[in-house]
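Keep the structure in view while reading.

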Amino acid sequence: MKKKLNKIAKDTNFFLKKFINNQKKSELIIPMKYGLFSGGKKIRSKILIDIGYLFKLDYKSLIIIGSAIECIHAYSLIHDDLPCMDNDLIRRGKPATHIKFGESTAVLAGNSLLTMAFEILSHKDLNISQKIKIDLINKISESSGHLGIAGGQYLDLNYEHKLISKKKIIEMEIKKTGKLFSFCCVAPLIIKNKKINEIRKFEGIGADIGLLFQVADDLIDHKGKLSSAGKKTGKDKKKGKATLISLLGYKNTIKYANKLILKINSKLKKYGSKTKDLNETLEYILSRDK
Ligand code: GRG
């Protein structure tokens, strides 16, 4: 699993470096590269490739689409660390982008990474029809805006120091983290022109994977160490964040996460042994320490 993830990270970074190097130079390129290439796991690209495998999609196209996803992800992390958001100094074991380059530069590098995702999805190197490119851009935009990452982040900040119900915490985590995973799960179906009910089913699977990912992230914050996590831990409690751990406790949250894995696997039963890679990725998501 680690080997496969490393290969995906290497291929994604290779594509992104080539893509950026082919563009005209600007002062923002260095902070953008800092946010992109400081050691992310590329787990979203792995999920995209695992689902793409079920639909026999070619690896090269998936790496390009994954690169666009990783740009949006890197953007969200840069902005998440800003003083007006979660105010974090360390990311991936290194100074956060705004610590290294200043706040205004971090905001602009983040914005540039967001728009770069759309440039990548509309680029000629991606060998799919214009119609499908538009559908992909439509879906990834929806996943990133007020109904997705940005809206989820708003709720995350708004729920601090409040008693929030389980249903609302889950809704918030699905928006903040799950929507981008939903995109990873539906992009292969969009490319294969699948029917809307099947797309909806995979959207739901993506939301559950994102929720699992976020729960694992909350568990790392609760029990993990800075040296392995690459970011400060124990912050959620201090900041009064509404998480499933704060509501259900540590042990029940682990039970909840294991139930999520069973739920995801049962939805994918019909694909049989083809889901082996995806199963491994799900186990990794829950057991990871960073
Ligand atoms: C609209 C894209 C966008 C952003 C603005 C700041 C913000 C709104 C949203 C923040 C959303 C956020 C950071 C959610 C947390 C998701 C999460 C658990 C990130 C950690 O992902 P990993 O572990 O990171 O995959 P690596 O370092 O491996 O890439």
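In this predicted model, the ligand is surrounded by 22 residues. The closest of these are Lys41, Arg44, His73, Arg92 and Ser144.

Three of these residues can be followed down to single atom pairs. Lys41 places a polar side-chain atom 2.5 Å from an oxygen atom of the ligand. For His73, a polar side-chain atom lies 2.7 Å from a ligand oxygen, and for Arg92 the distance from a polar side-chain atom to an oxygen atom of the ligand is 2.7 Å.

How much of the ligand's accessible area does the protein cover? On its own the ligand has 750 Å² of accessible area, and the protein covers 93% of it. Several helices supply the residues around the ligand. Those that give two or more residues to the shell are helix 3 (43–54), helix 4 (59–80), helix 8 (149–158), helix 9 (166–191) and helix 10. Helix 4 gives the most, with 7 residues. By residue class, the shell around the ligand is made up of 7 nonpolar, 8 polar and 7 charged residues.

Spanning residues 196–223, helix 10 packs with helix 15 (residues 276–287): their axes come within 8 Å and cross at roughly 30°. Angles under 35 degrees count as roughly parallel, and helix 10 and helix 15 are therefore roughly parallel to each other. On the helix 10 side, the contact is made by Ile209, Leu212, Phe213, Ala216 and Leu219. Helix 15 contributes Leu278, Leu282, Ile285 and Leu286. The residues of this contact between helix 10 and helix 15 comprise 9 nonpolar, no polar and no charged.

Helix 2 (residues 29–36) and helix 6 (residues 103–121) pack at an angle of about 75°, and their axes are 9 Å apart. Angles of 65 to 115 degrees count as roughly perpendicular, which makes helix 2 roughly perpendicular to helix 6. Pro31, Met32 and Leu36 form the helix 2 side of the contact. Facing them from helix 6 are Thr105, Ala109, Ser112, Leu113 and Met116. Here the contact residues divide into 6 nonpolar, 2 polar and no charged.

To return to the ligand, the shell around it includes 7 charged residues, while the contact of helix 10 with helix 15 has no charged residues and that of helix 2 with helix 6 also has no charged residues.

Terms used. Residues numbered from 1 in each chain as written. Predicted model: local features only at pLDDT ≥ 70, side-chain atom pairs only at ≥ 80, totals over all residues. Heavy atoms only, no water. Axes fitted to C-alpha atoms, helices over the stretch in contact; angles between N-to-C directions. Helix = DSSP H or I, 4+ residues; strand = E, 2+ residues; numbered from the N terminus. Parallel < 35°, antiparallel > 145°, perpendicular 65-115°, else oblique. Contact = heavy atoms within 4.5 Å. Nonpolar A, V, L, I, M, F, W, Y, C, P; charged D, E, K, R; others polar. Near = heavy atom within 4 Å. Polar contact = N/O pair within 3.5 Å; in protein donor to acceptor, adjacent residues only side chain to side chain. Areas by Shrake-Rupley, 256 points an atom, 1.4 Å probe, with all protein chains shown as cover.
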